[in-house]
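Have the viewer open as you read.

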Amino acid sequence: MAKAHSEIDLAAFIDHALLDPAATSQQVIQCCEEADRYGFPAVCIYPVHVRQAVELLRNKRPQVCTVIGFPTGATTSAVKLYEAQEAAENGATELDVVINLGWLKLGKTEEMHREIAEICDSTGQTVKAILEMSVLTDAEKKLAVEVCLDAGVSYLKTHTGWRGGAMLADVKLLKELSKDRVGIKASGGIRTAEQAIELILAGATRLGTSRGIDLIRQQEQRDTLKEG
């Protein structure tokens, strides 16, 4: 039986994102403090901030997630691999990797597979493949899922947040195609608690958002009104 909306602990799903290219060290401190205070599973920050975040979150619940090849996925495989390895060496335990969308559209599945598999194998960390589903056809979505699953990813992520946002239909499709073998991260344009909960009910196991605290407050306000 599906959970009622009020039974869902939103905080347990949120990757607390700080992906503003102009983010400062002080903002990283705030992001990490918030993630720890609210019990978020991870912060998601740029590679340049990984060492700082790792130190701030040492012996605390939130994991340090960073982005690789972000936001285009169009850097070379060697650059992505180095970026991922360096991030892992600096302490990141989750890597959100943008796939090469051009290769996908050209059907270069061997190149795609090699790129993602090398990152998975060489880092040994949790890899979330970012599919940027708003720019893909249904056939391309299916192909991307097949390649990423075979390459060893731990999560399929809907979007970077730069080109479109999380849709219920996309989350349901990823759940259907993956057959619950990996996690699903819905990301991009999640602005309301209602939307967040619907994505979770559709199959999302993580939510990538910079609005996590606002979402929790919305849920609390709604639950208070219902009780009243």
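## Cysteines and disulfides

The count of disulfides in this predicted model comes to 0. The cut-off behind that count is a pair of cysteine sulfur atoms within 2.5 Å.

Are Cys32 and Cys65 buried or exposed? Cys32 has a relative accessibility of 2%, so this residue counts as buried. Cys65 comes out at 0% relative accessibility and therefore counts as buried too. The threshold used here for buried is under 20% relative accessible area.

## The barrel

A closed barrel is formed by 8 strands in the order 1-2-3-4-5-6-7-8, and their pairing is parallel. On average, neighbouring strands of this sheet are turned by 25° against each other, direction ignored.

For a look at one pairing, take strand 5 (residues 126-130) and strand 6 (residues 155-157): they run parallel and are joined by 3 bridges. Within this pairing, Lys128 stands opposite Tyr155 of strand 6.

## A helix across the strands

Which strands does helix 1 lie across? Helix 1, spanning residues 25-38, lies across strand 1 (14-18) and strand 2 (42-45). Relative to strand 1, helix 1 runs at about 170°.

Conventions: Residues are numbered from 1 along each chain as its sequence is written. This is a predicted model: local features need pLDDT of at least 70, side-chain atom pairs count only at pLDDT 80 or more; totals for chains, interfaces and linings use all residues. Side-chain values use heavy atoms; hydrogens and water are left out. Buried means under 20% relative accessible area, exposed over 50%, partly exposed in between (1.4 Å probe, protein chains only). Two strands pair if DSSP finds at least two bridges between them. Helices (H or I, at least four residues) and strands (E, at least two) are DSSP runs, numbered from the N terminus. Axes are lines fitted to C-alpha atoms, for helices over the stretch in contact, and angles run from 0 to 180 degrees between N-to-C directions. Contact means heavy atoms within 4.5 Å.
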